[in-house]
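Please open the structure in your viewer and keep the selection tool at hand.

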Amino acid sequence: MASGAEEEEGAWREAGEEEEEEDDERPQLSAAAAGALRDFLEEQRRHGRDEGEKGGAEGVELVAEDWRLSQFWYDERTARGLAEEVARLASGLPAGAGAAVACVACPTLYAYLRKSSPDVPARLLEYDERFGQYGDDFAFYDYNQPEALPPAMKHAFSIVVADPPYLSQECLEKVAKTVSFLARPEGSFLLLLTGEVQKDRALELLNVRPCGFKPQHSNKLGNVFRLFTNYDPVDRLGGWDRSDGATI
């Protein structure tokens, strides 16, 4: 997941937003993970490493996480599970169903999908322009301008996966506009990765429900994250979670 920092974000944050509010909206690290992150950043400074971090096994590479941009990469289990599900959905698309996959602010998924299923057409929408290394697959994306995207992307994708950079109502509402802009009006698959606290709002905005599968990050976060979908994966990803007795 990725977003803008106080100095670097520019349009990422609304003008005049207070620092305390921004901190509340960021995913929170556990104390142990925060300590590990400080050590990691110090190691980066000592060795001058800004890019080239390994993202997992089998040569999957990602640029180094930048905590200032609220970047927290998925762990290998999460990234592989999501990539497998997306590839399965793509394989079942009918001919002429449109472009396959839009990855909105989820570069870990894009990198694993590109490695494991290179035949699946995918685009990465990201604020961090370091991902411009992916060439035409990359499109600059600022969630504060949810529909400021190439016109050819409008209603072009059969599968949209989004990971909003902040856990605020404002962020989810704007990302939901982006999802609606990208997704084909009929028969599209939506996957949303965000905090469990967004459960009711996610249902209201995108008609998505939580699955049993719970995403994890390489740097363990203090927030509980969930995967929400607009379809029931049934025997995959734990299916829709009915543990709270909700009617589906």
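The stops below cover a helix pair, a residue in a helix and several salt bridges.

This is a predicted model, in which local features need pLDDT of at least 70 and side-chain atom pairs count only at pLDDT 80 or more, while totals for chains, interfaces and linings use all residues. Residues are numbered from 1 along each chain as its sequence is written, and side-chain values use heavy atoms, with hydrogens and water left out.

Helices (H or I, at least four residues) and strands (E, at least two) are DSSP runs, numbered from the N terminus. In α3, display E76, A79, R80, L82, A83, V86 and A87, which meet T108, L109, Y112, L113 and S116 in α4; contact means heavy atoms within 4.5 Å.

Next, select T178 in helix α5 (residues 169-182). T178 is buried, at a relative accessible area of 0% (buried: under 20%; exposed: over 50%; partly exposed: in between; 1.4 Å probe, protein chains only). Beyond neighbours within four places in sequence, T178 contacts V104, Y141, P146 and L149.

Then select R226 and D241, joined by a salt bridge (2.8 Å, N to O); the term denotes a side-chain nitrogen of Lys or Arg within 4 Å of a carboxyl oxygen of Asp or Glu. R226 is buried at 4% relative accessibility, whereas D241 is partly exposed at 22%.

Finally, select D128 and R130, whose side chains also form a salt bridge (2.8 Å, N to O).
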